[in-house]
Amino acid sequence: MSDLPLSGVRVLELGNYIAAPTAGRLLADFGADVIKVERPGTGDELRSWRLYAGDTSMLYRTLNRSKRSITLDMKTDAGKQAVLDLTAASDVVLENFRPGTLEKWGLGPSELDAVNPDVVLVRISAFGQTGPLAGRPGFAAVAEAMGGLRALVGEEDRPPSRTGVSIGDSIAGLYGAFSAVMGLYQRGAVAGRVPLDRRSMDIALNEAVFSMMESLVPDHLAYGVERRRVGGRMEGIAPSNAYVCGDGGSVVIAGNGDSIYGRFMQVIGRPELASEPDLASNAGRWARRDELDGAIEEWTRSLPRDEALAQLEEAGVPAGPIHSAADIVADPQFAARDMVQFFDVDTGGDEPARVGFPGVVPVLDGRSVPVRHVGPDLGADTHDVLGGLLGYPAGKIAAAAGEETS
């Protein structure tokens with residue numbers, strides 16, 4: 001679609017794994033031409049993560065949708081020159097190597113700036129480009145721990161847990177996309193050339209996670225509060241938890257608003273809990289959270305999940321089912337907004353499989369922007385990009401891409 005907000009923007013993605021590719025995916029979703037550079041032969045490691053069959057995982061197909069894939073050997077002179085030539089033709093460069101890696105290859109900020117004094121450079125790393133930990137490697141799991149998230153996830157009497165996705169990488173990717181758009185806006189809004197240090201965006205995984213910890217540190221410094229793991233609850237807020245229903249399904253109910261709480265207690269047949277003065281606010285309800293959760297689950301266990309949800313909806317109590325992948329695919333709300341989009345994909349069988357992929361957020365005009373295509377095969381666009389965009393002849397393409405020539 002040529003009328004998307006980022007149509008006409010070209011992005012060079014030098015990142016592997018999840019963080020920088022997530023930023024690239026978000027930019028591609030809204031029209032940017034994202035050229036993903038991968039290693040010859042193996043490509044992005046994500047191609048083999050959670051690979052159940054075939055040669056490219058659905059995780060890679062999801063995170064690299066609507067991009068073009070080329071292979072370059074960035075350790076060779078030919079590959080390095082191709083990166084510089086592509087940088088000259090791009091608006092944004094994304095990378096998530098360990099700090100110092102691009103500089104070691106002769107592709108640091110000063111070299112990129114020399115060929116394109118307007119390029120926006122988005123750099124994502126474990127701990128940032130500066131500070132005592134800058135050179136240390138680290139994945140999202142480490143960042144989630146050091147950013148404060150892990151200490152809050154799980155049951156109080158058990159070791160810290162983690163979310164079921166690489167949430168630290170995804171958060172950093174969101175900041176990466178925001179940084180790219182911010183840099184593009186700045187470039188257009190500021191008269192004259194924007195200095196390199198203002199076009200170089202430095203995103204640390206641990207800081208991205210920490211930024212989502214709400215008042216974790218202010219509460220500690222102001223009140224001496226040390227937040228702790230509370231399972232499915234949120235500290236200081238009640239009742240809000242997951243509850244098992246009579247048919248084995250589960251629901252999340254957020255009945256913690258003061259006016260909502262009263263309606264909630266009427267629904268579960270416990271009006272006396274709605275009228276007690278010490279339960280009129282969250283502080284009092286949190287002190288009696290076990291009692292309230294017991295009363296609520298006694299009610300949910302007496303009903304099938306759908307019946308419990310229907311009664312809660314009628315009373316205006318926020319609640320929803322805990323969805324599996326199959327539930328999401330069947331959910332009419334997701335379908336109404338094109339939030340599951342289907343493609344024929346090679347999964348290693350004799351014929352392509354019809355596979356649903358997540359739609360694009362935010363929605364424009366009531367429905368998801370169509371995903372142009374799922375993540376491409378390794379190097380599928382090498383000749384088109386290097387030949388068509390840069391005008392390289394076949395021999396020069398082969399040298400840059402690390403292709404074997406006969």
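**The nonpolar patch and its surroundings**

Modeller: Phe210, Val217 and Leu221 make a nonpolar surface patch of about 290 Å². The model is a predicted one. An α-helix has 3.6 residues a turn, so residues three or four places apart point the same way.

Ser281 also has a relative accessible area of 34% and is likewise partly exposed. Ser281 belongs to the loop that links α12 (271–275) with α13 (282–287). Between the C-alpha atoms of Ser281 and Ser259 there are 9.6 Å, with the two residues 22 apart along the chain.

Helix α19, residues 394–401, brings in buried positions: Ile397, Ala398, Ala400 and Ala401. Among the elements covering these buried residues are β3 (68–71), α3 (77–88) and α18 (382–389). After α19 comes Gly402, with a positive phi near 70°.

Last, the open space. The largest pocket holds about 750 Å³. Its lining consists of 34 residues, and those nearest the centre are Tyr17, Asn96, Phe97, Arg98 and Phe139. At least two lining residues come from each of β2 (33–38), β5 (120–125) and α6 (140–146).

Notes:
Residues numbered from 1 in each chain as written. Predicted model: local features only at pLDDT ≥ 70, side-chain atom pairs only at ≥ 80, totals over all residues. Heavy atoms only, no water. Buried < 20%, exposed > 50% of the residue type's maximum accessible area, 1.4 Å probe, protein only. Helix = DSSP H or I, 4+ residues; strand = E, 2+ residues; numbered from the N terminus. Contact = heavy atoms within 4.5 Å. Patch = residues over 30% accessible without salt bridge, like charges linked within 9 Å, V, L, I, M, F, W, Y side chains within 5 Å. Areas by Shrake-Rupley, 256 points an atom, 1.4 Å probe, with all protein chains shown as cover. Salt bridge = Lys/Arg side-chain N within 4 Å of Asp/Glu carboxyl O. 1 Å grid on protein atoms, 1.4 Å probe; cavity = no way out; pocket = protein on both sides within 12 Å on 5 of 7 lines; lining within 4 Å. Points joined across faces, edges and corners; volume = space filled by probe spheres on them.
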